[in-house]
Amino acid sequence: METVINILAGLLILSGAFFAFVAAVGLWRFPDIYSRMHAASKAGTLGSGLVLLALAVHAGDTATVTRALAAIVFFLLTAPISAHLLAKAAYVVGYGLVKTSVLDEMRESKSSR
């Protein structure tokens, strides 16, 4: 049984590392602050969550499992909100969208007031 737990934990760690790598590549390759923020918040949260889930699977005691699951819930609750607030602040300050963007809904909502 311990071999199955170790294999599962290893697969979760590898999956988490893959999504963290995808987030890093997204930060490097995406053209504007908004798409970079999206990559960092979505893929980074998933990668961190998978690594914490691997910790919960591998840990033998209830205290560590509880802390890991609480951290996953914390990540899932705070990452989208913080990314949204940072994007809103960047837009208000004046960071524009990349030229290839199709639609700027924030500008349209400002002009209708």
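Trainee: How should I read His58, buried, partly exposed or exposed?

Mentor: His58 counts as partly exposed, because its relative accessibility is 49% (buried is under 20% relative accessible area, exposed over 50%, partly exposed in between, with a 1.4 Å probe and protein chains only). This is a predicted model, in which local features need pLDDT of at least 70 and side-chain atom pairs 80 or more, while totals for chains, interfaces and linings use all residues. Residues are numbered from 1 along each chain as its sequence is written, and side-chain values use heavy atoms, without hydrogens and water.

Trainee: Where is His58 found?

Mentor: His58 is found in helix H2 (a helix is a DSSP run of H or I with at least four residues, numbered from the N terminus). Ile7 is 51 residues away from His58 in sequence, yet their C-alpha atoms are 9.6 Å apart in space.

Trainee: Which class of exposure do Arg67 and Ser82 fall into?

Mentor: Arg67, in helix H3, counts as exposed, because its relative accessibility is 62%. Ser82 also lies in helix H3, and with a relative accessible area of 36% it is partly exposed. For distances, take C-alpha to C-alpha again: Arg67 and Leu55 are 12 residues apart along the chain and separated by 9.8 Å. Ser82 and Leu52 are 30 residues apart in sequence and 20 Å apart in space.

Trainee: What describes two packed helices?

Mentor: The angle between their axes and the distance between the axes. Here the axes of H2 and H3 come within 9 Å and cross at roughly 175° (axes are lines fitted to C-alpha atoms, for helices over the stretch in contact, and angles run from 0 to 180 degrees between N-to-C directions). H2 is therefore roughly antiparallel to H3 (the angle must be over 145 degrees). The contact of H2 with H3 has 21 nonpolar, 5 polar and 1 charged residues (Ala, Val, Leu, Ile, Met, Phe, Trp, Tyr, Cys and Pro are nonpolar, Asp, Glu, Lys and Arg charged, the others, Gly among them, polar).

Trainee: How many residues line the largest pocket, and which lie nearest its centre?

Mentor: A pocket is an open set of points on a 1 Å grid over the protein atoms alone where a 1.4 Å probe fits, with protein on both sides within 12 Å along at least five of seven lines; lining residues have an atom within 4 Å of a point. The largest pocket has 13 of them, with Tyr34, Ala87, Tyr91, Leu97 and Met106 nearest its centre. Helices H2 (33-58), H3 (62-93) and H4 (105-111) each give two or more residues to this lining, and H3 gives the most, with 5 residues. By class, the lining has 7 nonpolar, 2 polar and 4 charged residues.

Methods
Parallel < 35°, antiparallel > 145°, perpendicular 65-115°, else oblique.
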